[in-house]
Amino acid sequence: MKRLLGVALGILTAIGGFVDIGDLVTNAVVGSRFGMSLIWVVGVGVVGICLFADMSGRVAAVSGRATFEVIRERLGPRAGLANLGASFFINLMTVTAEVGGIALALQLVTSIHYLLWIPLAAFAVWLVIWRVRFKIMENVAGLLGLCLVVFGVALFLLQPDWGQLAGQALSPAVPQTENAAVYWFYAVGLFGAAMTPYEVFFFSSGAVEEGWKRKDLIQSRINVLAGFPLGGLLSVAIAGCAAVVLMPAGVEVTSLSQIVLPVADAGGKLALAFALVGILAATFGAALETTLSSGYTLAQFFGWSWGKFRSPGRAARFHLSMIVCLLVALGVLATGADPILITEYSVVFSAVALPLTYLPILIVANDPQYMGSDVNSRGINVAANVYLLIILAASLGAIPLMIVTGAGA
Amino acid sequence: MAATAVNQGSSAVGTSVLALDLLARERAGTPAVGTSLEDMAGELEDARKGLLDSVPATAAERGLHREVISALVRAEAALGLARQALAAKDSRGDTADTPGFRAAQTALAASAKELKGLRQRLGTGR
Amino acid sequence: MNRAQNAPVHLKPAPPAAGRVLDAQLHLLDRQVIDAEGLPVTTVDDLELEGVEADSPMTAGDPPPVISALLTGPVLGTRIFGGRPPSSRLIRLPWKDVSAVDVAIKLGVRSEGLDAGWVERWIRDKIIMRIPGGKHDPH
């Protein structure tokens with residue numbers, strides 16, 4: 001019984017934890033501009049993140065080594081440092097976007113300008129990292145994030161023409177109001193939002209934090225294989241709401257306040273309240289995960305003591321580095337840089353940097369020295385290599401598409 | 001350039017119409033609607049400034065620019081009315097059924113129609 | 001360790017050795033170092049060898065070099081960008097403190113007294129412990 005509860009809790013937190021500011025914004029933008037015609041990318045991204053999380057979780061549980069320890073060992077200091085630099089920079093950008101997202105959500109609740117909320121949001125993120133136990137932190141954020149299910153409910157309440165939505169989703173075509181380069185630019189962005197690298201740093205370091213062993217692998221696999229696809233459905237619902245309400249009105253999403261309007265339209269104030277709680281929980285949870293991930297990546301590369309299972313005094317550099325990251329995010333946001341714009345760039349750069357972490361994990365997951373008999377099975381390897389090609393294509397295509405389309409303008 | 005600005009303006013006005021409509025039907029509260037209107041005021045200003053920064057090449061283009069800019073200015077005025085009405089509602093506890101609100105809704109609807117017409121004429125510029 | 005310059009021209013098979021054979025590149029460099037209490041200390045940034053002259057080729061009869069210490073700290077920069085730091089600036093973990101070489105390198109001593117732990121200790125004592133809750137154990 002207890003085990004069953006554990007599995008249920010794991011799946012629920014995986015669902016609630018899947019969506020972050022990147023998924024929210026990108027899906028709503030795409031829904032409002034392309035209808036359901038880019039939804040197939042969410043499917044591709046979800047399968048990818050399941051594969052990636054499965055491999056990195058297995059590496060962490062079997063070898064006890066987290067992602068960046070492995071990356072440095074395998075790539076050596078020079079390529080490892082280049083990898084760290086790129087991954088850390090994108091992660092920091094994501095921290096900034098998530099903290100900005102918390103503040104924007106608070107503005108929607110209180111109508112107090114988001115810039116005033118930013119210091120409080122950053123402080124709250126730090127305080128939770130400083131004091132709250134890893135498990136509690138994960139479960140509370142994940143469960144509250146489930147409030148986002150209201151986007152799915154809203155989609156039903158809106159009583160859309162399901163045939164038309166399904167038609168857009170199943171036979172995708174570039175809408176007449178858009179051109180093909182912009183379509184593919186957002187395809188890359190949506191892929192990057194679904195497969196953000198921080199999820200993998202966090203997932204594998206979390207496996208070490210929680211002391212996973214081989215026997216926990218089955219449960220982790222269930223969490224991933226059930227939780228992430230259901231989380232992906234939430235993303236689809238967000239896009240669907242935008243496609244049904246905003247697209248016909250000629251509205252193209254550029255702010256968080258537009259994303260929740262369809263929910264209010266469908267379900268009134270109560271639904272809106274759920275959506276806001278869900279967005280707050282999702283951005284706050286992701287702010288915790290990305291901040292921790294920046295500490296994890298640095299500490300693992302340089303061999304510092306790390307982990308929330310230790311008191312801050314026994315992981316001093318780890319905690320200091322996270323404080324510095326939050327201060328940098330605070331500084332960037334204080335300049336008035338638009339958090340939504342930062343989010344849009346962060347998902348695209350996530351796609352650019354993805355091969356840097358994917359490839360080493362794929363190699364180590366096939367290395368019997370680390371993995372013993374738990375190396376990738378043949379089936380996983382076939383899928384993982386197909387995804388390597390997809391990830392490389394998205395990574396190489398991202399910057400040219402960004403330049404050609406003026407970042408999707 | 002003009003097409004991009006029309007697109008952006010049309011999106012902002014469409015959002016404002018929707019937000020005011022939700023307020024009138026009591027489906028969303030003042031904080032969410034107020035934030036929407038504030039964000040959209042920023043969008044309209046962006047659109048107008050973006051257009052002012054570009055230099056039209058031909059006389060026909062110059063005429064078009066002037067036309068779009070005046071449409072955007074009208075949209076900003078309509079949005080201003082809506083924000084005033086919202087502020088009045090907030091401070092006096094009015095319902096959403098005051099003359100001020102109805103005037104704002106009418107002005108925004110007219111703006112939406114005007115920008116939609118321009119959008120159909122110019123395309124999205126993509 | 002700039003291996004390319006110092007590599008001998010002809011490699012003879014290594015003489016049979018007692019115990020396990022370790023490849024410095026594969027099993028030592030860039031590995032995590034853990035102290036006697038299981039606390040991560042650092043990563044092996046470089047190795048210090050004794051009984052070998054830098055930049056002079058080794059001949060077959062020479063006695064094999066011996067690892068005297070694991071190095072850490074700024075020496076990492078020299079592995080990335082080249083160059084050689086002055087010997088006085090190296091932070092050493094003496095090889096005699098190493099108790100086991102596995103997926104991580106284990107030390108037989110606590111990190112508290114090690115030179116390699118000074119940055120961590122300084123940040124802990126000057127910053128982290130001064131914030132309320134710094135000693136708070138999460139469990």
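In the predicted model, Ile112(A) is partly exposed, its relative accessible area being 40%. That value falls between the cut-offs of 20% and 50%, so the residue counts neither as buried nor as exposed. Ile112(A) sits in the loop that joins helix H4 (67–110) to helix H5 (114–131) of chain A. When neighbours within four places in sequence are set aside, Ile112(A) is in contact with Gln107(A) and Trp117(A). Asp216(A) is 104 residues from Ile112(A) in sequence, and the C-alpha atoms of the two residues are 45 Å apart in space.

Val30(A), in helix H2 (residues 21–34) of chain A, is buried, with a relative accessible area of 0%. The residue is classed as buried because this value is under 20%. With residues up to four places away in sequence not counted, Val30(A) touches Gly35(A), Leu38(A), Tyr186(A) and Leu190(A). Between Val30(A) and Ala239(A) the C-alpha distance is 6.6 Å, although 209 residues separate them in sequence.

Two pairs of chains are in contact, and chains A and C share the most contacts. Chain B and chain C are joined by no contact; their closest C-alpha atoms lie 36 Å apart.

The interface of chain C and chain A involves 33 residues of chain C and 34 residues of chain A. About 3000 Å² is buried between these chains, with carbon and sulfur atoms giving 55% of the area. Salt bridges between chain C and chain A number 5. In one of the salt bridges found here, Arg314(A) pairs with Glu37(C), with the closest N and O atoms 3.9 Å apart. Polar contacts across the interface of chain C and chain A comprise 13 residue pairs, both residues being at pLDDT 80 or more. On the side of chain C that touches chain A, at least two residues each come from strand S2 (40–43), helix H3 (75–81) and helix H4 (118–126) of chain C. By class, this side of chain C has 15 nonpolar, 9 polar and 9 charged residues.

Another salt bridge links Asp45(C) to Arg72(A), with an N to O distance of 2.6 Å. This pair crosses between chains: Asp45(C) lies in the loop between S2 and strand S3 (46–50) of chain C, and Arg72(A) lies in helix H4 of chain A. Both Asp45(C) and Arg72(A) are buried.

Arg310(A) belongs to the loop between helix H13 (261–302) and helix H14 (316–334) of chain A. Arg310(A) is buried but has no salt bridge, and the nearest side chain of opposite charge, that of Glu209(A), is 7.6 Å away. The side chain of Arg310(A) does reach the backbone oxygen of Gly38(C), at 3.4 Å.

The contact between chain B and chain A takes 24 residues from chain B and 29 residues from chain A. The two chains bury about 2200 Å² between them, 53% of it on carbon and sulfur atoms. Across this interface there are 11 residue pairs in polar contact, both residues at pLDDT 80 or more, and 2 salt bridges. Asp265(A) and Arg25(B) form a salt bridge through their side chains, at 3.1 Å from N to O. The elements giving two or more residues to the side of chain B that touches chain A are helix H1 (2–24) and helix H2 (30–53) of chain B. The residues of that side divide into 7 nonpolar, 9 polar and 8 charged.

Chain C contains 4 helices and 7 strands, in the order α-α-β-β-β-β-α-β-β-β-α from the N terminus. Of its 139 residues, 36% count as buried. Among contacts in chain C with a separation of 6 or more, 48% are between residues 24 or more positions apart.

Over all chains, the structure holds 27 salt bridges. Glu73(A) and Arg65(A) form one of them, with the closest N and O atoms 2.7 Å apart, and both residues are buried. Within chain C, Arg124(C) forms a salt bridge with Glu112(C), at 3.1 Å between the closest N and O atoms. The pair links Arg124(C) in helix H4 to Glu112(C) in the loop between strand S7 (105–107) and H4, 12 residues apart. Arg124(C) is buried, with a relative accessible area of 18%, whereas Glu112(C) is partly exposed, at 35%. Salt bridges with shared partners also join Arg65(A), Glu69(A), Glu73(A) and Arg31(C) into one network.

Technical notes
Residues numbered from 1 in each chain as written. Chains lettered and ligands numbered in written order. Predicted model: local features only at pLDDT ≥ 70, side-chain atom pairs only at ≥ 80, totals over all residues. Heavy atoms only, no water. Buried < 20%, exposed > 50% of the residue type's maximum accessible area, 1.4 Å probe, protein only. Lys, Arg positive; Asp, Glu negative; His and termini not counted. Salt bridge = Lys/Arg side-chain N within 4 Å of Asp/Glu carboxyl O. Polar contact = N/O pair within 3.5 Å; in protein donor to acceptor, adjacent residues only side chain to side chain. Contact = heavy atoms within 4.5 Å. Buried area = accessible area lost by both parts, 1.4 Å probe. Nonpolar A, V, L, I, M, F, W, Y, C, P; charged D, E, K, R; others polar.
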